[in-house]
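The chain and its coordinates are shown first.

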Amino acid sequence: LAAAPTPSAPKAEPTGVSAEAASSISDALAAEVHALRVPQKHVFTRIDWGMQGSVFLRVTDDVIRVEKVVEAVLHNARKNRTPSSRNCVRFIPVHSTCYAKPDDAARSAAKVVSNYEFGSGKLSYSIVYRSRMNSDAHREDFIKAIAASIEVAEPGRFKVNLDRPDFVIIVEVARTTCCIGIFEQFYELAKLNIREVSKPEDPEEEKEQAVPSAKQVLPREDENAGAEEVLSLGGETKAE
């Protein structure tokens, strides 16, 4: 009788990976390492401009319109009846900066107005001016120079209206820097004051909010001592 054949040992399956798969894994790892080494682009970048009580944020994405960001923040505060920030008082859109001189401010304002996307028809405007830590800057000089430059750049297109303008040209002088911004709902949104815009319109609602519930925590007396304003820049910047 013939002996039964000895069963052969099973063939071992390959434990490695193919060259193509190894190449894909290597490429994926290399791409991940490269992404970690490349610094991420932040939409908002804080700029230290030496002004206590003010935070200057630069918008790095050209698609974002700073006035729309400010508008959204204020509308949200009005809708929710809360300022959504303990220390910030005012949000100011800035489209351009220049040296704090009337002629420089006039050229910068005319360029901003010319490039701004307005609706059709003849529009009215007013100029809101504020100066801090600059005794050489005079309100009338800036307003006259800016108004004259706008008329030269856009003859007959805009008219001055101090009561209910279609938009406001914001002029903020801080030390040697002049910030120029445009906002279309300046007075409707409490002059960009986030605390004022969040106040209740109904006196009864205001009384209800004035009485804290047992779960509410009252702020300390010094919590609002460091109130700040936020300036956001999304346009041309000139270093001083």
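Burial is judged by relative accessible area, with a 1.4 Å probe and protein chains only: under 20% is buried, over 50% is exposed, and values in between are partly exposed. The model is predicted, so local features need pLDDT of at least 70 and side-chain atom pairs count only at pLDDT 80 or more, whereas totals for chains, interfaces and linings use all residues. Residues are numbered from 1 along each chain as its sequence is written, and side-chain values use heavy atoms, without hydrogens and water.

| Residue | Relative accessible area |
|---|---|
| Cys 88 | 13% |
| Cys 178 | 0% |
| Tyr 125 | 3% |
| Phe 158 | 6% |

The whole structure contains zero disulfides, a disulfide being a pair of cysteine sulfur atoms within 2.5 Å. For Cys 178, the closest cysteine sulfur belongs to Cys 98 and is 4.3 Å away, which is too far for a bond.

Nine aromatic pairs are found in the whole structure. Rings of Phe, Tyr and Trp (its six-membered ring) pair if their centres lie within 6.5 Å; planes under 30 degrees apart are stacked, over 60 edge-to-face, and the rest tilted. Tyr 125 and Phe 158 make an edge-to-face pair, with 6.5 Å between centres and 90° between planes. Both residues also belong to one aromatic cluster with Tyr 116, Phe 118 and Phe 167.

Among the buried residues of helix H4 (residues 139–153) are Phe 142, Ile 146 and Ile 150. Helices are DSSP runs (H or I) of at least four residues, and strands (E) of at least two, numbered from the N terminus.

Technical notes: The expected span of a helix is 1.5 Å times one less than its number of residues.
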